[in-house]
Amino acid sequence: MATKFSSKIGLIAATVGSAVGLGNVWRFPAETQTNGGAAFLLIYILCVLLLGIPVMLGEFAIGREGGTDAVGDYKRISPRTGWWLIGAMGLLASYMILCFYIVVAGWTLEYFISSLTGSLYSGAGEGTASFAAKMQDYVAGDVKPIIYTVLMIGINMLVLLCGVRKGIEKISNLMMPLLFLILVIFCVVALTLPDAGEGVKFFLAPDFSKVNGSVVINALGQAFFSLSLGMGILITYAAYFPRETKLKRTATIVSLLDMLVAVLMGLIIFPAVTSFGMQNESLEGATLVFVTLPEVFTRMPGTQLWSSLFFILLLVAALTSTISIAEVSVRFCQDRMHLRRRSAVLLVMLPVLLFGSLSSLSMGSLSSVHIFGLTFFDFLDTFATNILLPLGSMAMCIYAGWFAPKGMIASQLDNGSPVRSLSTRVVLFIIKWIAPVAIAVILVAQFN
């Protein structure tokens, strides 16, 4: 039997940590800026509440019922069928994501150390051009990015080797309060900057004239990505939930906290860039984190302090995410290959060193090597997040809604009660009829 989380707080902290990551910190502001600000935010929140939570509950129910790894759950619940391929899809997606995510985590560690030492700001001129040059040096180099990737792999291995309670749960109990504390501090500072109100207005005052089909699809995609659906993480973690855990309450709390991180990031980013007249700068991914925000910090008193705090925030988000992503494969190796945890961690993480190095080098000296027209880094990102994740989520909904043993999902959601609650009926209806169609729309949109 799998080790269980030892406390409700630890369970919530670990599960929130698995969801909160770079999707909240750097993808959300870019999506919000591109898709009309507050109108996108409102649609994103509705997508999380109406679709994200039911799909999360489907994964929770399968994970706790199966009580094993992402592949083994389907084999145990529906033996002698091919439904285990859904779990295999999540396993593959999570491993591909880990191989490029660990590289980004390494960049974050490098920027944190450079902020502490002040080297990030030494020789920096006015404007974002100097930080763009530094990003090129930090990200596209052949040696330093690999060194920091190796360090992040080592940190992940230390946590994973300690196990579920002493490793994952303990680090989550420490990291999640730290993350929210730093977010609140940054939010207070950002909201007191001159002209911060204009940024708040863009973020919180909706202009529904900007809403179209593309905005809705992007908001739905952001909701699924930010909740880590389709990666096998939530199914794997649910195996560590005690039987008395109330799944609907847990999913609601995790989703609300995940949304809170995204909203707080918006209340930090948009007032800050507006206050310093940088609202027309790109807020897309790496450019936001490694170019725009360092330039913002140079215009604030205590540049190194704020820069170091921000990259601690980003490092926490990256670390809790990489640990949870890696755990999907570690648990698979333990259960399917009957390995001890130490052997499973080594088997999972050592190849990540190779693939992570290739992913890192594809940003620099191997940038001319392409797979289907993409660098190795972009191929891992695009194939996993744009294809495997939505495809796996859709398949899970079809299985849970139509082919899972009768009453199994409902029994898990109602904690064994023979009376099916109204909320469970609504969740099952969404999983069965609405979610697969919505996810199919996302998939089709990827090819248009």
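1. T108 sits in helix α5 of this predicted model. T108 is buried, with a relative accessible area of 0%; the cut-off for buried is under 20%. Which residues does T108 touch, leaving aside its neighbours within four places in sequence? The contacts are F290, F311, L314 and L315.

2. Helix α5 covers residues 84-117. At 1.5 Å a residue, α5 should span 50 Å. The C-alpha atoms at its ends lie 49 Å apart, which agrees with that expectation.

3. Where does α5 bend? The bend is at C99, and it amounts to about 30 degrees. After α5 comes G118, with a positive phi near 90 degrees.

4. A second topic is the pairing of helix α16 (residues 376-403) with helix α18 (residues 422-446). Their axes are 9 Å apart, and the packing angle is about 160 degrees. Angles over 145 degrees count as roughly antiparallel, and α16 and α18 are therefore roughly antiparallel to each other. The crossing of α16 past α18 is left-handed.

5. Which residues make this contact? On the α16 side they include N386, I387, P390, L391, M394, C397, I398 and W402. S393, A400 and G401 of α16 also take part. From α18 come I431, K432, W433, A435, P436, I439, A440, L443 and Q446.

Key:
Residues are numbered from 1 along each chain as its sequence is written. This is a predicted model: local features need pLDDT of at least 70, side-chain atom pairs count only at pLDDT 80 or more; totals for chains, interfaces and linings use all residues. Side-chain values use heavy atoms; hydrogens and water are left out. Helices (H or I, at least four residues) and strands (E, at least two) are DSSP runs, numbered from the N terminus. The expected span of a helix is 1.5 Å times one less than its number of residues. The bend at a residue is the angle between axes fitted to the seven residues ending there and the seven starting there. Buried means under 20% relative accessible area, exposed over 50%, partly exposed in between (1.4 Å probe, protein chains only). Contact means heavy atoms within 4.5 Å. Axes are lines fitted to C-alpha atoms, for helices over the stretch in contact, and angles run from 0 to 180 degrees between N-to-C directions. Angles under 35 degrees count as roughly parallel, over 145 as roughly antiparallel, 65 to 115 as roughly perpendicular and the rest as oblique. A crossing is left-handed if the near helix is turned anticlockwise from the far one by less than a right angle, and right-handed if clockwise.
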